[in-house]
Amino acid sequence: MLTARFPYFFDACHSEIEMEARRFRGSGSIRDRVAALGGTGLLRHVVPRPGALPDSRAVAVIRAALAENDPLDDLALVIQGLGAFPLSREPGNEAWLDDARAGCRVLAFGLTEPGAGSDVQAMTSFAEPDGDTWRLTGVKHYISNAPDCDLAVVFARIEGRPACFVVESPEVETQRVAGHSIGRILLDRSRAQLVSRRGLALALGTLDRFRPTVGGAAIGIASAALHLTLKHIQHRQQFGAPLATLPVVRLRVADMVLKLEGATLSVLHACWRRDHAAPDERTGADSAIAKITATEAAWEVVDQAVQLHGALGVDEEAGVEPLLRALRPLRIYEGATDVLKSVIAASVLESS
Ligand SMILES: Cc1cc2nc3c(=O)[nH]c(=O)nc-3n(C[C@H](O)[C@H](O)[C@H](O)COP(=O)(O)OP(=O)(O)OC[C@H]3O[C@@H](n4cnc5c(N)ncnc54)[C@H](O)[C@@H]3O)c2cc1C
């Protein structure tokens, strides 16, 4: 339990939240998992009441607990949060937020386009007025949970400036990314409701808010890999003794623990900073440091886990290989590692 190991980062409420997340067991489709999460009340931590902001430490410990057991449960939870955050920053969206919090409507967050990935400002999707509503044209791709979604929060330009919209039951083409429910949202003069003309600020604000918690998911996946490895090396006999008796293997285990510990401290520090900062204060550099530290460290931990399992490490049914596939996209989405390094460099240079 993170709240027990690092109590100085947490408030009294956090250990119960972490225990609730540890008890959760989702199954089936993203829609089934979102509904089950709604039944527990865990979604209220990513979809808070109007005017409130998500508590980053709560989101991080929930994500770590869910991802350790099943990364799909983590995705079911966090995409509700990404979709809801822009809605929560504007008045009049309470009904959508209530449904998102209860888990009875599945949300998606559609920012990325074929020509606008890391460079979100290159987006070309656009909006045209149509009476009281709008018509959107463009394509959003690699959108998590899109195949299951009821409400897609998407970004498109009004007279050149990115704005934020909701499209109900969008047309979606499924894409194939292992271990994900993901797809292309096809906007062909699709009817949409305007959420805000401050689209870019809302999109970047959402990513800024949730970025350190990606590290929470990474440490959950890395913890699962470490636990599988500890079990395996104590059981697997080679050269007449368990692998765990070999000095080189013990050194590898120590390296995994070191990586995981550093990653955890970095994530909890960034989340603590976010929770104690003024609502509009930017904590982007801490978030970027935490996301890079955790996702890169977790990648090394999971890679070591594969190695120490031998052939079982790449066997799709043995438990470690799915962790590798679940973890890899975390180093790409919500700011690829090298893109976030420019955020860190800019922050250090500005304050020097
Ligand atoms: C599993 C998964 C789920 C996703 N879910 C969502 C979602 O729900 N909603 C959504 O909107 N998007 C989502 N995405 C898209 C994701 O946000 C983008 O993939 C990401 O922003 C990178 O964009 P890109 O793939 O176009 O890569 P590109 O922008 O083409 O970048 C490719 C690589 O080039 C390098 N690079 C690019 N720019 C720079 C730079 N300025 N400095 C240094 N190096 C650079 C980096 O190594 C980068 O990884 C998801 C992606 C994946 C894989």
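## Around the ligand

Seventeen is the count to keep in mind here: of the 17 residues around the ligand, those that come nearest are Phe109, Leu111, Thr112, Ser118 and Tyr142 (a residue is near if one of its heavy atoms lies within 4 Å of the molecule). This is a predicted model, in which local features need pLDDT of at least 70, side-chain atom pairs count only at pLDDT 80 or more, and totals for chains, interfaces and linings use all residues. Residues are numbered from 1 along each chain as its sequence is written, and side-chain values use heavy atoms, with hydrogens and water left out.

By class, the shell holds 10 nonpolar, 6 polar and 1 charged residues.

## Polar contacts

Let's look at the N and O atoms, where a polar contact is a pair within 3.5 Å. An oxygen atom of the ligand lies 2.7 Å from a polar side-chain atom of Ser118. On the nitrogen side, a ligand nitrogen atom is 3.1 Å from a polar backbone atom of Tyr142, and a ligand nitrogen atom is 2.9 Å from an N or O atom in the side chain of Ser144.

On its own, the ligand has 970 Å² of accessible area, and the protein covers 63% of that (Shrake-Rupley method, 1.4 Å probe).

## Elements and domains

Which elements give two or more residues to the shell? They are β1 (107–110), β3 (133–144) and α11 (337–350), with β3 supplying the largest share, 3 residues. Helices (H or I, at least four residues) and strands (E, at least two) are DSSP runs, numbered from the N terminus.

The ligand lies between domain 2 (107–197) and domain 3 (202–347), because both give residues to its shell; the domain bounds come from an automatic or database assignment.

Definitions and conventions:
A polar contact is a pair of N or O atoms within 3.5 Å; within protein, one must be able to donate a hydrogen and the other to accept it, and residues adjacent in sequence count only if both atoms are side-chain atoms. Ala, Val, Leu, Ile, Met, Phe, Trp, Tyr, Cys and Pro count as nonpolar, Asp, Glu, Lys and Arg as charged, and the others, Gly among them, as polar.
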